[in-house]
Amino acid sequence: MIVKAAPLMLLALALAACKPPSPAEVAAPVAPAVDAPAAGVPAEVVQQTAERPQLQVQTVDGKAYDLAAHRGQWVVINFWATWCGPCLQEMPELSALHTMRGNIEVIGLAYEDIELDEMQAFLAQHPVAYPIAILDTYNPPKDFATPRGLPMTYLIAPDGKVARQFLGPVDAKVIEQAIVAAGGKVQ
């Protein structure tokens, strides 16, 4: 009897692990700039997101994007991929946020190995109002920790500091609440 129940218990445990994260799990405060490395991991291997990250990339439409040029605005930096279901679900919401709010800008960073023409074809099928850049997964932006999962989103305050990071999908309401919690206004 116990042998027959074991597979059912394993299935129940596996399904319990698939539950969506709670808002508290999704909107985690930013870790300090320097964390203690895990036991046995050399300190130089642990990558952290810079307090005031820099980002300079070329977007798929051929334009240069420099995060420093967007000081004075709230900037949402969204690491995503075309194969990521939750990423695709949040794209229309992020596009609307970018379009409807004068003090919030969004940039999508495609964290996958994809050719420019493939990305342009994808965006023709899934258009967004915000710029998209393709990252080199072997050489991601040095001021951002390698994403632990996708989507991974950073909220950058007008002073250039990381105000919040989110692991998992976000929507406009969550981002707007994080801005207000950080002392900002949504316009």
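Mentor: In this predicted model, helices H3 and H5 pack with their axes 9 Å apart and at an angle of about 50°. The two helices are therefore oblique to each other, because an angle counts as roughly parallel under 35 degrees and as roughly perpendicular from 65 to 115 degrees. On the side of H3, the contact is made by Glu93, Leu94 and Leu97, and on the side of H5 by Ala172, Lys173, Ile175 and Glu176. Sorted by class, these residues comprise 4 nonpolar and 3 charged ones, with no polar residue.

Arg101 is in the loop between helix H3 (85-100) and strand E5 (104-110), whereas Glu176 belongs to helix H5 (residues 172-181). The pair thus links distant parts of the chain, 75 residues apart. The two partners fall into separate burial classes: Glu176 has 19% relative accessibility and so counts as buried, since the limit for that class is under 20%. Arg101, at 27%, counts as partly exposed.

How many salt bridges does a search of the whole structure find? The search finds 2. Lys161 counts as partly exposed, with a relative accessibility of 31%.

Returning to H3, one may look at the loop that joins strand E4 to this helix, where Thr82 is found. Thr82 has a relative accessible area of 18% and is therefore buried. Leaving out residues up to four places away in sequence, Thr82 touches Leu88, Glu112, Ile114, Met119 and Phe122.

Strand E4 itself (residues 74-80) contains Phe79. At 1% relative accessibility, Phe79 counts as buried. Beyond its neighbours within four places in sequence, Phe79 is in contact with Leu109, Tyr111, Leu135, Phe144, Pro147, Leu150, Pro151, Met152 and Tyr154. As for Thr146, the C-alpha atoms of Phe79 and Thr146 are 9.7 Å apart in space, while 67 residues separate the two in sequence.

The chain as a whole provides the setting for these details. It has 5 helices and 8 strands, and along the sequence they follow the pattern α-α-β-β-β-β-α-β-α-β-β-β-α. Of its 187 residues, 36% are buried. Contacts between residues at least 6 apart in sequence join residues at least 24 apart in 69% of cases. The accessible surface of the chain comes to about 10,800 Å², and carbon and sulfur atoms account for 60% of that surface.

Key: Residues numbered from 1 in each chain as written. Predicted model: local features only at pLDDT ≥ 70, side-chain atom pairs only at ≥ 80, totals over all residues. Heavy atoms only, no water. Salt bridge = Lys/Arg side-chain N within 4 Å of Asp/Glu carboxyl O. Buried < 20%, exposed > 50% of the residue type's maximum accessible area, 1.4 Å probe, protein only. Helix = DSSP H or I, 4+ residues; strand = E, 2+ residues; numbered from the N terminus. Contact = heavy atoms within 4.5 Å. Areas by Shrake-Rupley, 256 points an atom, 1.4 Å probe, with all protein chains shown as cover. Axes fitted to C-alpha atoms, helices over the stretch in contact; angles between N-to-C directions. Parallel < 35°, antiparallel > 145°, perpendicular 65-115°, else oblique. Nonpolar A, V, L, I, M, F, W, Y, C, P; charged D, E, K, R; others polar.
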